[in-house]
Amino acid sequence: MHTLSLLLILHLLKPGVCESCSLVVSPAGLVVKYGAPASANCTSDTVTSMGWEPSLGESPLFGTEVKELTWRVDSLTDWNITPQCFEISEVGGQCARVLKVTVYKLPDRVSIRYVNHSGPVVEGHQYSLHCLVQNTAPIEHLRVTFFKVSTNGERTVLYTQPLNNDIQQLNNDMRQPVNESYSLQFSPTSVDDGAQWFCSAMLDLGPEGPRPPAVMESDRLNTTVHFAPEFSCSAKLEVRAGEGLTCEVRGNPLPSVTWLRDGQILTPPTHLSREDAGNYTLMALNRIGRANHTVEVEVLHDRAARGASCQAAGSATVAVLLHQLIHWLY
């Protein structure tokens with residue numbers, strides 16, 4: 001029997017353990033994109049007989065009287081591959097080093113939507129956002145984050161999905177791509193009107209993986225929030241005489257606004273005088289709710305007009321005095 005065949009039988013049928021194992025696999029681990037090439041070296045301190053067993057059921061790669069043996073694949077498509085380098089001797093016994101291989105695939109698509117809802121949302125109600133990550137692996141390395149983009153462009157992290165140990169354990173022997181969904185419960189407010197939501201999926205494969213980690217984002221989900229009226233003017237207004245009386249009101253849908261003074265409905269004055277000073281009540285209404293606001297209005301006398309009046313009065317007084325002086329002299 002050839003020596004190579006004998007070594008193979010010893011490896012497969014009598015897996016003892018050497019007293020010392022000098023094998024070194026480099027790199028110790030591989031992170032490989034699905035379909036990409038991969039390779040690793042196995043080295044020994046001394047000339048020996050060694051081999052690579054790529055995976056269960058595949059033919060091993062052998063070398064005799066060597067100090068180095070390379071495992072190589074042009075296109076890695078085996079999700080569960082576990083290559084190991086082994087060293088054997090004619091007297092029996094062996095040592096082995098396992099090469100940890102992680103095969104990954106970026107998602108085909110990341111999408112976001114509301115669960116069981118469409119159209120505008122209402123302030124104070126509870127909703128669920130659903131982020132679907134399609135056809136990606138390994139799922140235990142996936143990090144999903146929900147974001148909000150405000151109307152001014154500011155991006156805020158709402159929630160990052162923590163690693164689920166149950167999912168990790170479940171997929172240890174099932175490393176193929178899967179579809180996975182994640183949910184976020186939220187209750188919108190008026191400041192969310194016009195904002196956008198999106199989610200991102202990141203495969204964080206550690207220092208051996210791509211740096212920075214590969215990230216794929218969903219499309220933006222536009223948000224329209226319906227909310228009850230809100231007043232933004234203060235409880236006291238100082239307005240110059242001749243100016244109009246205004247108070248900004250927000251609401252979606254746009255609310256109707258009614259002005260009252262002393263219980264009487266009126267149109268807000270556009271040219272205020274001192275007689276318009278006092279308390280006004282505003283009532284705003286839309287189909288979401290209503291709001292009332294009371295404002296105290298103080299009308300300020302126009303300083304420029306007052307100054308011109310005083311100047312005119314002063315000039316008239318001087319003219320009269322001068323006329324009397326001239327009449328006295330003559």
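A salt bridge is a side-chain nitrogen of Lys or Arg within 4 Å of a carboxyl oxygen of Asp or Glu. Keep that in mind as you click around this predicted model, which holds five salt bridges. Let's visit three of them, including the pair Glu230 and Arg250.

**Stop one: Glu230 and Arg250**

Select Glu230 and Arg250 and show their side chains. They meet in a salt bridge, with N and O 3.0 Å apart. Now colour the strands: Glu230 sits in β17 (residues 225-231) and Arg250 in β19 (residues 249-252), so this pair ties together parts that are 20 residues apart in sequence.

**Stop two: Arg155 and Glu217**

Next, pick Arg155 and Glu217. Their closest N and O atoms are 3.5 Å apart, and the two form a salt bridge. Which strands does this pair tie together? Arg155 belongs to β12 (residues 155-160) and Glu217 to β15 (residues 214-217), so the link joins parts 62 residues apart in sequence.

**Stop three: Lys105 and Asp108**

Finally, select Lys105 and Asp108. This salt bridge has its closest N and O atoms 2.6 Å apart. Is Lys105 buried or exposed? Its relative accessible area is 18%, so Lys105 is buried, because the cut-off for buried is under 20%.

Why do such pairs turn up? Side chains of opposite charge can pair when their charged atoms come close.

Methods. Residues numbered from 1 in each chain as written. Predicted model: local features only at pLDDT ≥ 70, side-chain atom pairs only at ≥ 80, totals over all residues. Heavy atoms only, no water. Buried < 20%, exposed > 50% of the residue type's maximum accessible area, 1.4 Å probe, protein only. Helix = DSSP H or I, 4+ residues; strand = E, 2+ residues; numbered from the N terminus.
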